[in-house]
Amino acid sequence: MAVTYKDIDQLTQKATPTGTEKLPVSDTEYITPQQIAGMVEVDDAVSTSSENALQNVIIRRNYPFAPQPDITKQDGRMGASGTIASGYTSTFEVWSVPTTPGYTYLIYGRLNLTGGSNCYLVVWTDSNGTGIKAEYYYEVGSGNKLFYNVLATAPEGAAYLNVNVVKNYSGNTFIQRLSTLPFIPTDMPKYALMNDEAAYRALTTKESGTLYLIPES
């Protein structure tokens, strides 16, 4: 069968590649766009300072790196219970923002202790100011600890994200809400399998974060 060759400028660009198109690379072999995409290297962690051209595009499109407008600051240091210890008013600040369970927040902070009690970078509190979860434990005596681009997802019941930071470095600290990607807290129930529709209707409380499954009869 005769083969007709065309100059590439005579062809039109495919609007939506599937990734399975065959691109010849020799007289016996071809590759696909999926293979090419799989060879692209990306960084292990999200970073605004990434020099990876592709990753920088992904970050700019998916992460709204904008100042958090509703940060409030209070002198002291918050413990896991949600109580602020006043003995640290000269060295620590608590940065707080209202949160939505399931949303992920980008945090950059610094802790520096040489004595006293242990400390957490993040303390989640409910609407009453009671601590419900503390993360990124920091042991006393370790010296200066920098938390760079930490991604923390608000657990169920979290009304506020509280970040303990050293005042000396507060200018380098930030909190940003990442709301464009579907992050889900690992401790939030995802689904519940019911025996039948009657069992579902009998539930007095139906949780908004749970998908209820009813088998076909």
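**A sheet and its aromatic neighbours**

Modeller: Gladly! Five strands make an open sheet, ordered S3-S6-S11-S8-S9, with antiparallel pairing. Strands here are DSSP runs of E, at least two residues long, numbered from the N terminus, and two of them pair if DSSP finds at least two bridges between them. At the edges are strand S3 (72-75) and strand S9 (131-138), each pairing on one side only. On average, neighbouring strands of this sheet are turned by 25° against each other, direction ignored; the axes are lines fitted to C-alpha atoms.

A word on the source: this is a predicted model, where local features need pLDDT of at least 70 and side-chain atom pairs count only at pLDDT 80 or more, while totals for chains, interfaces and linings use all residues. Residues are numbered from 1 along each chain as its sequence is written, and side-chain values use heavy atoms, leaving out hydrogens and water.

Now look at S3 and strand S6 (residues 92-98): four bridges join these antiparallel strands. Asp75 stands opposite Glu93 in S6.

Next come the rings. Rings of Phe, Tyr and Trp (its six-membered ring) pair if their centres lie within 6.5 Å; planes under 30 degrees apart are stacked, over 60 edge-to-face, and the rest tilted. By this rule there are three aromatic pairs. Tyr88 and Phe92 have ring centres 6.3 Å apart and planes at 85°, so this pair is edge-to-face. Both Tyr88 and Phe92 are buried (under 20% relative accessible area, with a 1.4 Å probe and protein chains only; exposed is over 50%, partly exposed in between).

Finally, find Arg77: its charged end sits over the ring of Tyr88, 3.9 Å from the centre. Arg77 also lies over the face of Phe92, at 5.7 Å from the ring centre. For this, NZ of Lys or CZ of Arg must be within 6 Å of the ring centre and within 35 degrees of the ring normal.

Note on methods:
Axes are lines fitted to C-alpha atoms, for helices over the stretch in contact, and angles run from 0 to 180 degrees between N-to-C directions.
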